[in-house]
Amino acid sequence: MGLSLTVNGDRLASAADPTTPLVDILREELHLTGAKPVCREGFCGACMVLIDGKPTPSCLMPAALADGCEIHTVEGLTTHGQLNRIQSALEASDAVQCGMCFPGMVVSLTHLLTTRPDATREDIRAALTGNICRCTGYERIVDATLLALATK
Amino acid sequence: MITGFPVQAAPAETRNATSSVYIAPTLEAALDALSEYGAAGSAFAGGTWIMRSPIRHEPLRAHYVAIGKIAELGAVRIGSDVVEIGSAVTHATLAAALADLPEFGVLAAAAARSANPAIRAMATIGGNLATLDFAAADCVPALLCLDAEIEVAGRDGRERMKLEHFLEIRPTLAPGRLVTQIVVPRSERKTAHVRLPLRKAGDYPVAIVSLSASVDAAGRVRAARIAVGSVEPVARRWERLEAALIGRRLDAEGAARTATELANEFVGRDGVDAPAWYRVSVLPGLVRRAAAAALGA
């Protein structure tokens with residue numbers, strides 16, 4: 001049975017096994033390497049993508065259940081090469097970490113900005129509890145998110 | 001276009017090459033499929049436990065029946081006497097649905113504090129109940145202290161049973177059976193759910209105490225249900241502590257003192273996150289916090 005995935009607006013087909021974690025298809029078939037399969041338990045957030053608009057650890061999403069969904073990876077969050085609001089704020093705030101956890105952070109924070117325009121510092125911290133950064137750069141990331149929220 | 005060349009999903013040695021996933025459109029279709037697959041099949045809801053099978057060196061089943069699209073399993077119905085929760089309701093949905101019902105604070109807290117936001121949007125209450133080896137499932141002690149009943153369906157019909165009984169028969173549940181609904185009675189009560197993870201978020205709790213108590217006008221306990229999770233392999237009620245609290249004023253320090261006297265009835269489980277003795281030793285402190293939270297302190 002073939003799979004039909006819509007990734008960053010492109011409709012694609014895959015013959016992968018239906019229980020294959022989505023992160024493996026993204027990386028190994030599509031070469032979208034922003035999502036990182038780090039813990040493979042859904043706890044580190046490095047593989048976070050948006051599925052039908054919701055942050056989802058792509059290591060826990062079997063390909064079969066992503067069939068027919070709208071999938072957005074970090075690579076799909078820019079528009080014509082322009083950074084989105086949170087990406088710009090992170091860059092402006094020197095809040096950019098190494099590339100391991102950061103794509104997942106950007107995905108989670110993009111969702112937060114979309115759904116919680118009134119988010120507080122505590123809300124931001126709560127939203128990031130599924131994104132673990134071993135560089136411990138959270139403070140600047142939270143500050144940058146507040147900046148992005150204040151930037152209309 | 002994806003060319004469809006083979007995916008190397010790690011760890012490869014425990015991943016089946018030919019697992020199938022059937023997305024069931026209705027409950028009847030799901031039960032038919034589960035019945036046909038027998039022991040080779042399993043229900044698939046949030047997938048947060050199943051997709052980690054390779055990490056536990058457990059092979060995936062040959063067939064999965066995805067139940068997330070079945071409307072009746074994804075609904076929370078709040079009636080005047082009971083709350084009915086479909087087994088495919090996610091933790092996030094459940095927490096939101098119960099947010100305005102103080103008597104269900106224990107269950108709302110269990111659903112709202114487990115794991116992390118993305119996991120809570122995937123993991124289901126049915127998965128919490130049906131997963132055999134998940135000792136740290138938050139919703140199980142919360143439902144035990146709320147006197148919940150579980151509906152289990154098969155192609156031959158449905159039956160409802162107390163959660164305690166379900167937990168007893170769970171290891172021997174025949175293939176083809178599916179948890180479909182959780183029914184929780186409504187009543188006036190004070191409740192609290194207290195968990196001890198080693199980090200504030202993301203870790204499994206070392207120990208869990210869920211408490212439900214009804215008190216009279218003078219603050220004395222008329223009825224109490226206290227359940228402990230994660231300390232032993234399966235969550236269970238702490239009936240001696242419940243009995244000891246009856247007729248007394250519910251106060252945090254007193255409850256903790258009694259819990260200290262009675263804690264030796266628990267035989268903790270060793271785990272990579274905490275040794276057995278530690279899980280037992282933190283129980284009185286969790287009882288203190290639960291009583292204080294239930295009292296609104």
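I'll start with B:Leu107: setting aside neighbours within four places in sequence, it is in contact, meaning heavy atoms within 4.5 Å, with B:Ile85, B:Leu94, B:Leu98, B:Cys139, B:Ala142, B:Leu143 and B:Leu146. This is a predicted model, where local features need pLDDT of at least 70 and side-chain atom pairs count only at pLDDT 80 or more, while totals for chains, interfaces and linings use all residues. Residues are numbered from 1 along each chain as its sequence is written, chains are lettered from A in the order in which they are written, and side-chain values use heavy atoms, without hydrogens and water.

Now the cores. A nonpolar core is a set of buried Ala, Val, Leu, Ile, Met, Phe, Trp, Tyr and Cys residues joined through side-chain atoms within 4.5 Å, with buried meaning under 20% relative accessible area (1.4 Å probe, protein chains only). The largest has 38 residues, and B:Leu107 is one of those that touch the most other members, along with B:Ile85, B:Leu143, B:Phe166 and B:Ile182. Elements of chain B supplying at least two residues each include α3 (105–113), β5 (82–86) and β8 (178–185); helices are DSSP runs of H or I, at least four residues, and strands runs of E, at least two. The largest share, 6 residues, is from α6(B). A second, separate core of 35 residues includes A:Leu22, A:Val23, A:Cys59 and B:Phe44.

Next, the interface. Chain B gives 36 residues to the contact and chain A gives 37. The buried area, accessible area (1.4 Å probe) lost on putting the two together and summed over both, is about 2900 Å², with 68% from carbon and sulfur atoms. B:Arg52 and A:Glu41 form a salt bridge at 3.4 Å, N to O, the rule being a Lys or Arg side-chain nitrogen within 4 Å of an Asp or Glu carboxyl oxygen.

Technical notes: Buried means under 20% relative accessible area, exposed over 50%, partly exposed in between (1.4 Å probe, protein chains only).
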